[in-house]
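Dear colleague,

Please find the structure below. My notes on what was found in it follow.

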Number of protein chains: 2
Amino acid sequence: MARKASLSGFPEWLPQERLVELHVLDSLRRTFELHGFSSIETRAVETIGQLLRKGEIDKEVYGLHRLQADEDPGAPDQDKLALHFDLTVPFARYVVENAGHLAFPFRRYQIQKVWRGERPQEGRAREFTQADIDVVGDGELPFRYDVELALVIVEALAALPIPEFRLRVNNRKLAEGFYRGIGLDDTAGVLRSIDKLEKIGPEKVSALLQEELGATLEQAEAALKLASIRTEDTSFVEQVRALGVSNELLDTGLDELEQVIAEASRRAPGRVLADLSIARGLDYYTGTVYETVLVGHEQLGSICSGGRYDALASKGNRKFPGVGLSIGVTRLVTRILSQEFAAASRQVPTAVLVTLANDDSWSQAQDVAEQLRLRGISVEVAAKAEKFGKQIKYADRRGIPFVWFTTDNGDGTLLHEVKDIRSGDQVAADPELWSPPAEDLQPQVTAVGRQD
Amino acid sequence: MARKASLSGFPEWLPQERLVELHVLDSLRRTFELHGFSSIETRAVETIGQLLRKGEIDKEVYGLHRLQADEDPGAPDQDKLALHFDLTVPFARYVVENAGHLAFPFRRYQIQKVWRGERPQEGRAREFTQADIDVVGDGELPFRYDVELALVIVEALAALPIPEFRLRVNNRKLAEGFYRGIGLDDTAGVLRSIDKLEKIGPEKVSALLQEELGATLEQAEAALKLASIRTEDTSFVEQVRALGVSNELLDTGLDELEQVIAEASRRAPGRVLADLSIARGLDYYTGTVYETVLVGHEQLGSICSGGRYDALASKGNRKFPGVGLSIGVTRLVTRILSQEFAAASRQVPTAVLVTLANDDSWSQAQDVAEQLRLRGISVEVAAKAEKFGKQIKYADRRGIPFVWFTTDNGDGTLLHEVKDIRSGDQVAADPELWSPPAEDLQPQVTAVGRQD
């Protein structure tokens, strides 16, 4: 990536970079669909009222106005439009609006751009793509989906050309139950402090807990001990029990997290861990919380986060609890490209360039191209009968592996030949039968130097 | 479509409708890639200065502002951001910015949302998807690309589940040369009047030409005669010649249009016509212009338009002439859905639901699912061991064709069976070997009652 975005925070890819992004998007779609998730998209805009319903983030939102602002100058602010900043809030609105048309539990994936007016930095853009999966129930949603989504997301990430990753899982009930059990009732406040652990360290968090939340030293130390527990198997249960705190919510949380880790450690050993320091900022999570780091690239931040939310969407008395995760596609692709984790085998979809012997043969060359395309081969036809060397150079510059020559034998028959410009091999070929080797049919995106 | 968008002009699809849209998008991508077009995307925002560089359309643009507008209150208006209203202007900017990294002639497709603050109506949304193809040259671009793009777009449209269509082609040089040849030098003005032909009829256009452009009755009638010519073959050339006008630019235009129609009428007889009334509003077109109507749905407006532009993009003295077309995907999909031209065979990607005999068998059911997915079969696992009738109903409501049962034989072995819930047939099956019939593997989107 020698280039810089011409607008800071709004990355754009060259064609060969876009092939890597497309590979990531196609791979995610494939995994999600294999697990029965339906595609939906929501509009890019929401009303400001809708976006701010759950509090937070107003400073990061891009509002919209028509340049010729003749319309509704007096419209209430909450009815004005703004670009969505994630896909969860729009999805919740979509579920409520279309509840009568959806089959619950409803499984959907959603891959779209979102916008945040934050200061751009490495791994944080103003326009970026997220890939979300969620399952939403009508009234209730079995806990098993919290287990399943961890498995799906591990499979989705494992199929990408990225380094090894760790899905860290925690449970809000576990943490909140524990805090209550030691006598700290402002559980949201404790979570907010614990969330700063990685940034400011345990001593400062302890001070925060004591100064801002009135915790005793013992309470602060117990909260920090909980946050220090991190296991690849279900042994975290015993470690928590050893802290000697008892609380009903804590028991529920322990049981839930144990279910996730038990199944995940069996299916994806080493990739999923119980990490009792994970807090996740957003306050709509009510149980399981997930976040994911790339091993060796932890400073990039979480590449995939989410959790269980029991009250994000409701319609009158009807509640739609859900669980979901969101992959930061642009963050991943930016890293894949900057670190050259993967590359495309050529710049263009084209596998064959049909050359022209003379300018009148263009239509005949189109016939050849048509025959090849019937077998799914991507073909371009030269636009001008330049010297063959120049036509071959056209192919070479784009990484097109094959060029096709048609020669008039002079007796009304045609001689077709195809040349592999990498090896120089040239053979006679029938446009109705010839196909390139499977690996040359489409640009291949392959991982370079993956460490697992 | 019983539902109405909750925000007028911002359509959203239900999962089964989205499958139709995905089918259209996938089909377009496939055709474009078969013809060697590379995918790119540009950011959704441009600076206002960039968007208005070519005049026109300022009233339709959505400007952006951060809700907490602490940043650059004094930034010049032209540096402020707005959502793009088409993909041509952003593409021109992209080409100029990345010229050093692209191989010319550069062929790209671009499928993205665009936004216009127009009054919503049937066939016109405020947020909609366009699918563009363009070829751009460095300095010059052979005319043959004008011919090729007509062929590609016909192939792309013919693969969609839509009624028969007509690609109408004209040439600005032909029209301008003709107008000059009869002594009307304000050719842009004449084009603007002729553009209103369909809306206001020939008499009012004649009056406009005379009153606003100072044309004589004879000149007005000659211009209208030219606009009345419409042929499925190259006979338009003779009809124009018969009007007895001579002009060099007219000759060039006639020759160019003849090339397009000669090749297209051979490859796509009846689908492409010379229509000398086509003007296209945008003033950056300099030669070929295209537009497309659905037969029987002409009032929907053009579903695919474009043309040749010789001066849209430039970098100092370096010019990047191009030719391209843009398909109105949302307009098409809205029509496909409202007229039920096509439907998806089921709501979800899922082909098989693996049922649970009891709650402890979930992990075992995941094993079965994993084996099936290895062969590309989309599988869901039931979340709860409800009565089989209820589990089957889950599948039935979503159109999932197969349910899978695993029974413990009591001797440590398992009996696997799969049931086609449409026929009721149930057979023993091996999770390592069984696959559904090819037509059940994925949701099929099929044209209903297509008239060709």
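Helices (H or I, at least four residues) and strands (E, at least two) are DSSP runs, numbered from the N terminus. This is a predicted model, in which local features need pLDDT of at least 70 and side-chain atom pairs count only at pLDDT 80 or more, while totals for chains, interfaces and linings use all residues. Residues are numbered from 1 along each chain as its sequence is written, chains are lettered from A in the order in which they are written, and side-chain values use heavy atoms, without hydrogens and water.

An unreviewed UniProt entry places the feature "binding site" at several residues, including Arg116(A) and Arg280(A); such annotations may be inferred rather than shown by experiment. Arg116(A) lies in the loop between strand 5 (106–115) and strand 6 (127–136) of chain A. A polar atom of its side chain is 2.9 Å from the backbone oxygen of Phe85(A). Arg280(A) belongs to the loop between strand 9 (272–275) and strand 10 (288–294) of chain A.

Turning to the interface, 90 residues from chain A and 90 residues from chain B take part in the contact (heavy atoms within 4.5 Å). Between the two chains there are 20 salt bridges (a side-chain nitrogen of Lys or Arg within 4 Å of a carboxyl oxygen of Asp or Glu). One of them joins the side chains of Arg93(A) and Glu12(B), at 2.9 Å from N to O. On the side of chain A that touches chain B, helix 1 (residues 15–34) of chain A gives the most, with 8 residues.

With kind regards

Key. Polar contact = N/O pair within 3.5 Å; in protein donor to acceptor, adjacent residues only side chain to side chain.
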